[in-house]
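Reader: Can we go through the pockets on this one? I'd like to start with the linings.

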Amino acid sequence: MRPVEARSVLRDPDWFIWGGGVVKTNDGQYHLFFARWPKREGFNAWVTHSEIARATSRSPLGPWTVHGPVFGRRPGFWDADNLHNPLIQEFNGTYYLYYSGNFGPRDGTKNGWWIHRNNQRAGVAVADHPAGPWKRFDKPLIEPTPNGTDHLLTNSPTVARRKDGKYVLIYKGVSDGPMPFGGKVRMHVALGDHPAGPFVKQPVTVFGHETLQFPTDDNFIWGQAGRLYAIVKDYRGVYSQQARPGSSEKESLVLFTSDDGLDWRLAAHPFVSDFRLRWADGRVSDRLHRLDQPQVWLENGKPSALFLAVKARDDADDADLSYNVQIALKP
């Protein structure tokens, strides 16, 4: 990871900016899809007031021109009130925007917040160009399985193509348990023959831990040279000590690899990053509260930029606006 340049920061004084990633069109333009929600609503309104916006640049490292939301909320559907955690992918000349949607009362109550959270579903929209128009679907890609490990919700989809042409979908699910949080948070795998599904759930969960309730989060998977790779946020230090022996810090981003998307193991060099940013002017940030939503851009088949959502201070600090950085990767 190279130091972060000043131009490679997407921030706005009126918005919390969150995770995002890019595709490139034939005219050399990069299209960034990212989540944002109004500053006035507070940071925790990510689950009630988020929208997906698009920005463009001549470089995956910015600077960015923001064009506004890609589509609106749809009353009466699974994504009626909230749009979050976008992942833009191009397969065979068609663009697929994977995202989380939900619905519920936007009354500012704690109960309303949890209703939105527990109504999250993973879905997709399809277009011939990143500027749209987008075809959306009446139903999400993946529904919860009653009494399954994804009993309560499905969200945060990430998709890659396997060497055999099948598509691997990894998504987050929460099992049944004491409400409103529910049970264990686990990452699930589904396989499909087409990037818009249908996807068939597989009898495995990945990047997990037998006893911890919420061990990992924010996965991004991609295919490269016949293999699959994943960057995973290790919340509880399950893998971080193996990735960076001797470190006293639990949280880090770690790298996994897989032949088939079902059986994952730590990569030979698993450490990606601690929760700090190194800047081009020589500064090193204090330890960040959040370094979330990794996404990798591959230029000509090789990783060239890493996108990360950043929040320096605690979630309860609404004066601390989150932002997105784009980090150049060394060849």
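Reader: Which elements each supply at least two residues of the lining of the second largest pocket?

Author: This is a predicted model. In it, strands E6, E10, E11 (167-174), E14 and E18 each give at least two residues to that lining, and so does helix H1 (110-118).

Reader: How many residues line the second largest pocket, and which lie nearest its centre?

Author: The lining has 26 residues. Nearest the centre are Trp-46, Lys-172, Asp-217, Tyr-235 and Arg-290.

Reader: How does the lining of the second largest pocket split by class, and what is the volume?

Author: By class there are 12 nonpolar, seven polar and seven charged residues. The volume is about 510 Å³.

Reader: And the largest pocket, what volume does that have?

Author: About 590 Å³. Its lining has 23 residues, with Gln-89, Glu-90, Phe-91, Trp-297 and Leu-298 nearest the centre.

Reader: Which element gives the largest share of that lining?

Author: E6, with five residues. Strands E2 (15-24), E10, E14 and E18 also supply at least two each.

Reader: What about classes for the largest pocket?

Author: The lining divides into 13 nonpolar, seven polar and three charged residues.

Reader: Which residues line the largest cavity?

Author: Asn-85, Pro-86 and Leu-87 are in the lining, as are Ser-156, Pro-157 and Thr-158. Asp-218, Asn-219 and Phe-220 are there too, along with Gln-293, Pro-294 and Gln-295. The elements that give two or more residues are strands E6 (82-91), E10 (153-161), E14 (216-224) and E18 (290-299).

Reader: How many of the lining residues of the largest cavity are charged?

Author: One, beside five nonpolar and six polar residues.

Reader: Back to H1. Which of its residues are buried?

Author: Gly-112, Trp-114, His-116, Arg-117 and Asn-118.

Reader: What do the buried residues of H1 pack against?

Author: Four strands: E7 (94-102), E8 (121-127), E10 and E11. Two of these, E10 and E11, also supply at least two residues each to the lining of the second largest pocket, as does H1.

Reader: How many helices and strands does the chain have?

Author: Two helices and 20 strands.

Reader: What percentage of the residues count as buried?

Author: 60% of the 331. The accessible surface is about 14,100 Å², and 50% of that belongs to carbon and sulfur atoms.

Reader: And contacts: what share join residues at least 24 apart?

Author: 53%, taken among contacts between residues at least 6 apart in sequence.

Reader: Is Gly-28 buried or exposed?

Author: Buried: the relative accessible area of Gly-28 is 18%, and the cut-off for buried is under 20%.

Reader: Which residues is Gly-28 in contact with, leaving aside neighbours within four places?

Author: Ser-57 and Arg-58. Arg-58 is 30 residues away from Gly-28 in sequence, yet their C-alpha atoms are 6.5 Å apart.

Note on methods: Residues are numbered from 1 along each chain as its sequence is written. This is a predicted model: local features need pLDDT of at least 70, side-chain atom pairs count only at pLDDT 80 or more; totals for chains, interfaces and linings use all residues. Side-chain values use heavy atoms; hydrogens and water are left out. On a 1 Å grid over the protein atoms alone, a cavity is a set of points where a 1.4 Å probe fits but cannot get out, and a pocket is an open set with protein on both sides within 12 Å along at least five of seven lines; lining residues have an atom within 4 Å of a point. Ala, Val, Leu, Ile, Met, Phe, Trp, Tyr, Cys and Pro count as nonpolar, Asp, Glu, Lys and Arg as charged, and the others, Gly among them, as polar. Grid points are joined across faces, edges and corners, and a volume is the space filled by probe spheres set on the points. Buried means under 20% relative accessible area, exposed over 50%, partly exposed in between (1.4 Å probe, protein chains only). Contact means heavy atoms within 4.5 Å. Accessible areas come from the Shrake-Rupley method with a 1.4 Å probe; for residues, only the protein chains shown count as cover.
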